[in-house]
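Please take a moment to look at the sequence and the 3D structure below, and keep both in view while you read. The paragraphs that follow move from packed helices to the sheet and then to single residues.

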Amino acid sequence: MELVAELQSRHLTLAVAESLTGGLLAAAIVAVPGASTVFSGGVVAYNTALKRSILQVDAALLEHHGPVHPDVAAQMALGVREALAIDGVRAGVGVATTGVAGPGPQDGHPAGTAYVAVALGENVQTLRLSLQGDRGAIRSAVVSESLELLRRMLRADGQ
């Protein structure tokens with residue numbers, strides 16, 4: 001995976017916060033030889049309360065909008081960088097996933113609704129996804145879209 005090489009060349013570490021992907025994003029990253037040089041770790045905050053307590057997502061935001069919201073994804077991406085700081089140094093990049101994998105709707109959102117966010121330096125970008133398929137297909141697509149958003153941000157940041 002060229003992402004690992006790019007992160008290595010920039011001396012950036014990566015941390016992930018996952019909800020609907022349940023660890024698939026971390027697994028995709030660690031499947032790459034050499035990932036241990038850049039990957040700090042991940043938090044699977046499947047329960048909404050963990051988004052607040054571990055990732056520091058604003059409680060009022062969660063209460064008002066629920067966990068499927070672009071600002072929740074952004075705060076998760078920022079929060080995981082702090083939550084997984086090593087020796088007081090936060091991760092250089094945070095990636096987050098939240099949404100509804102299905103089979104049915106959740107909190108008024110249809111299955112396939114997801115948000116991914118990447119926090120790189122002071123820049124945070126979110127992406128709304130409307131995906132089709134079963135749970136497995138939706139979760140896999142969210143992983144792919146998360147990695148693609150990270151690629152795009154690294155390219156834009158490198159120019």
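Axes are lines fitted to C-alpha atoms, for helices over the stretch in contact, and angles run from 0 to 180 degrees between N-to-C directions. Helices (H or I, at least four residues) and strands (E, at least two) are DSSP runs, numbered from the N terminus. The model is a predicted one, in which local features need pLDDT of at least 70 and side-chain atom pairs count only at pLDDT 80 or more, while totals for chains, interfaces and linings use all residues. Residues are numbered from 1 along each chain as its sequence is written, and side-chain values use heavy atoms, with hydrogens and water left out.

Two packed helices are described by the angle between their axes and the distance between the axes. Here, helix 1 and helix 6 pack at an angle of about 35 degrees, and their axes are 11 Å apart. Their crossing is left-handed, a term used if the near helix is turned anticlockwise from the far one by less than a right angle, with right-handed used if it is turned clockwise. In the contact (heavy atoms within 4.5 Å), helix 1 takes part through Glu 2, Leu 3, Glu 6, Leu 7 and Arg 10, and helix 6 through Leu 147, Leu 150, Arg 151, Leu 154, Arg 155, Asp 157 and Gly 158. By residue kind, the contact of helix 1 with helix 6 divides into five nonpolar, one polar and six charged residues, where Ala, Val, Leu, Ile, Met, Phe, Trp, Tyr, Cys and Pro count as nonpolar, Asp, Glu, Lys and Arg as charged, and the others, Gly among them, as polar.

Which residues of helix 1 are buried? With buried meaning under 20% relative accessible area, exposed over 50% and partly exposed in between (1.4 Å probe, protein chains only), the buried residues of helix 1, which spans residues 2-10, are Leu 3, Val 4 and Leu 7. They lie on the same side of helix 1 because they cover an arc of only 100 degrees around the axis, the arc being that of the directions from the helix axis to the C-beta atoms. An α-helix has 3.6 residues a turn, so residues three or four places apart point the same way. The buried residues of helix 1 pack against strand 1, strand 3 and helix 6 (135-158).

Strand 1 pairs with strand 2 in the parallel sense over five bridges, and the bridge partner of Glu 18 in strand 2 is Val 44. Strand 4 (residues 113-120), by contrast, pairs with strand 5 in the antiparallel sense over eight bridges, and there Val 118 stands opposite Gln 125 in strand 5. In strand 1, five of its five residues are buried: Leu 14, Val 16 and Glu 18 point one way, and Ala 15 and Ala 17 point the other way.

Leaving aside neighbours within four places in sequence, Ser 146 is in contact with Leu 25, Val 95, Thr 97, Val 116 and Val 118. Glu 145, also placed in helix 6, counts as partly exposed because its relative accessibility is 28%. Not counting residues up to four places away in sequence, Glu 145 touches Leu 127 and Leu 129.

Finally, look at the loop between strand 3 and strand 4, where Pro 103 is found. The peptide bond from Gly 102 to Pro 103 is cis, with omega near 20 degrees. Asp 107 lies in the loop between strand 3 and strand 4, and its phi is near 50 degrees, a positive value in a residue other than glycine.

Methods: Pairing = 2+ DSSP bridges.
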